Amino acid sequence: MKPNITGIHHLALKCCGVEEFNKTVSFYKDTLGLPVVRTWGEGESAGIMLDTGNGLLEIFADAESRLTQGAIRHFALASDDTDACIEAVRAAGYKVTMEPNDIVIGSVPPYPARIAFCIGPVGEEIEFFCVK
């Protein structure tokens, strides 16, 4: 019997301490407008889950050291307005690494989208993806 995978439940970010945790939560909650689903703990044991619309983003305050980019190169947040996401990111002072750009992924069938990239509070690469 094959396992029944129905989607991605959550992505997790580990922050180095309370200050970085608060900055990261503010970015996703206040800048990008993700609603809070649940919170737990305090200080270094704090955690939060935010709703992305079709999965959760889990953020912890307890990383022992800053993580380097590993096998997961980036994650994409679905949006109906890539440009507005980048405007909010830029206004909040975060680095935009790719301006909004219309692309067509050369698949069968072709997959048109508008995409953009930024770097988040803990060095995570975020893509904003709008299916055209």
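The following legends describe close-up views of a predicted model.

Figure 1. Cys16 takes part in none, and the nearest cysteine sulfur, which belongs to Cys15, is 7.7 Å away. Cys16 is partly exposed, its relative accessible area being 29%. For Cys85, the closest cysteine sulfur is that of Cys118, at 8.8 Å, which is too far for a bond. A disulfide requires the two sulfur atoms to be within 2.5 Å. Cys85 is buried, with a relative accessible area of 16%.

Figure 2. Ala61 belongs to the loop between S4 and S5. Is this residue, Ala61, buried or exposed? Ala61 is buried because its relative accessible area is 0%, and buried residues are those under 20%. Apart from neighbours within four places in sequence, Ala61 is in contact with Cys15, Cys16, Gly17, Phe21, Gly43, Glu44 and Ala46. Ala61 and Ala78 are separated by 17 residues in sequence, and their C-alpha atoms lie 25 Å apart in space.

**Figure 3. The second largest pocket.** The second largest pocket holds about 280 Å³ of space. Strand S1 (10-14), strand S4 (56-60) and strand S5 (75-78) are the elements that each give two or more residues to its lining. S5 supplies the largest share of this lining, 4 residues. Residues lining the second largest pocket include Phe75, Ala76, Leu77 and Ala78, together with Ile8, His10 and Leu11. Also in the lining are Thr52, Asn54, Gly55, Leu56 and Leu57. Sorted by class, the lining has 8 nonpolar and 4 polar residues, but no charged residues.

**Figure 4. Strand S5 and its partner S8.** The side chains of S5 alternate along the strand. Which strand is joined to S5 by 4 bridges? The partner is strand S8 (residues 125-131), and the two strands run parallel. Within this pairing, Ala76 stands opposite Glu127 of S8. Ala76 is also one of the residues that line the second largest pocket.

Notes:
Residues numbered from 1 in each chain as written. Predicted model: local features only at pLDDT ≥ 70, side-chain atom pairs only at ≥ 80, totals over all residues. Heavy atoms only, no water. Buried < 20%, exposed > 50% of the residue type's maximum accessible area, 1.4 Å probe, protein only. 1 Å grid on protein atoms, 1.4 Å probe; cavity = no way out; pocket = protein on both sides within 12 Å on 5 of 7 lines; lining within 4 Å. Points joined across faces, edges and corners; volume = space filled by probe spheres on them. Nonpolar A, V, L, I, M, F, W, Y, C, P; charged D, E, K, R; others polar. Contact = heavy atoms within 4.5 Å. Pairing = 2+ DSSP bridges.
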